[in-house]
Amino acid sequence: MKTVLCFGDSMTWGSRPDGGGRHAFEVRWPNVLREGLNGVEVVADGLRGRTTAMDQHASPGNMNGAALLPSLLHSNAPVDVVILFLGTNDVYWGYPLNRAVRGIEHLIEQVRVHPMRTLPEVSPQIIVVLPPRLVPCSETGVDDALISKSNAFAARVAELCDRLEIMTFDAETVAQTSPVDGIHLDAENTRAIGAALVPMVKDLLT
């Protein structure tokens with residue numbers, strides 16, 4: 001059986017923008033992807049607050065994505081496709097743009113060089129999802145500066161992936177961030193991302 005690892009933050013976990021907890025199981029984009037792939041194992045590992053490669057020492061869990069990804073690659077091996085959907089927290093929590101982009105690059109490097117220890121030992125294919133851009137929300141502090149940084153992050157990551165010959169999917173093409181909190185997605189837009197990824201992943205698995 002083919003395996004797809006979806007590695008992300010609250011967008012992958014399924015946070016609702018109204019603060020009401022988690023979207024229903026069937027709405028979350030990894031589960032929509034699983035339904036569309038029919039027979040492919042889709043592992044959803046989303047953690048609220050997760051960054052690309054930054055430590056949040058006062059957090060209740062390890063939010064550093066780069067600290068956990070190698071273990072997930074190992075425990076789920078063999079993995080055929082890794083979908084990286086991170087960066088929103090790097091932007092929102094004020095980390096420098098260069099560090100956030102470097103964080104994505106580091107995750108890509110981890111996937112490419114990880115010793116899978118399975119036969120045949122082949123590195124997984126990678127899709128980097130460019131997160132939907134932040135939208136204004138005074139209650140959560142999403143202002144013009146954060147929105148500009150969100151757009152710049154997506155553009156820089158797209159350039160990085162083009163240079164590294166990594167496939168990207170711009171979630172903004174099918175989903176828009178909810179104005180309720182300026183950060184997360186409602187059910188319709190969450191579902192749209194999973195549906196849009198189905199043909200891309202199918203192509204990689206054939």
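The entries below go from the helix to the cores.

I note that this is a predicted model, in which local features need pLDDT of at least 70, side-chain atom pairs count only at pLDDT 80 or more, and totals for chains, interfaces and linings use all residues. Residues are numbered from 1 along each chain as its sequence is written, and side-chain values use heavy atoms, with hydrogens and water left out.

Entry 1, helix 7. I looked up residues 187-205 and found 19 residues reaching 27 Å from the first C-alpha to the last, close to the 27 Å expected at 1.5 Å a residue; helices here are DSSP runs of H or I with at least four residues, and strands are E runs of at least two. I found a kink of about 35 degrees at Val198, shortly before Pro199, the bend being the angle between axes fitted to the seven residues ending there and the seven starting there.

I listed the buried residues of helix 7, among them Asn189, Ile193, Val198 and Leu205, where buried means under 20% relative accessible area with a 1.4 Å probe, protein chains only. Their cover includes strand 1 (3-8), helix 2 (29-37) and strand 5 (167-170).

I took a nonpolar core as buried Ala, Val, Leu, Ile, Met, Phe, Trp, Tyr and Cys residues joined through side-chain atoms within 4.5 Å. The largest has 35 residues, with Leu5 and Leu69 among those with the most contacts inside it, and its largest share, 8 residues, comes from helix 6. A second, separate core of 25 residues includes Cys6 and Val201.

Technical notes:
Expected span 1.5 Å × (residues − 1). Buried < 20%, exposed > 50% of the residue type's maximum accessible area, 1.4 Å probe, protein only. Contact = heavy atoms within 4.5 Å.
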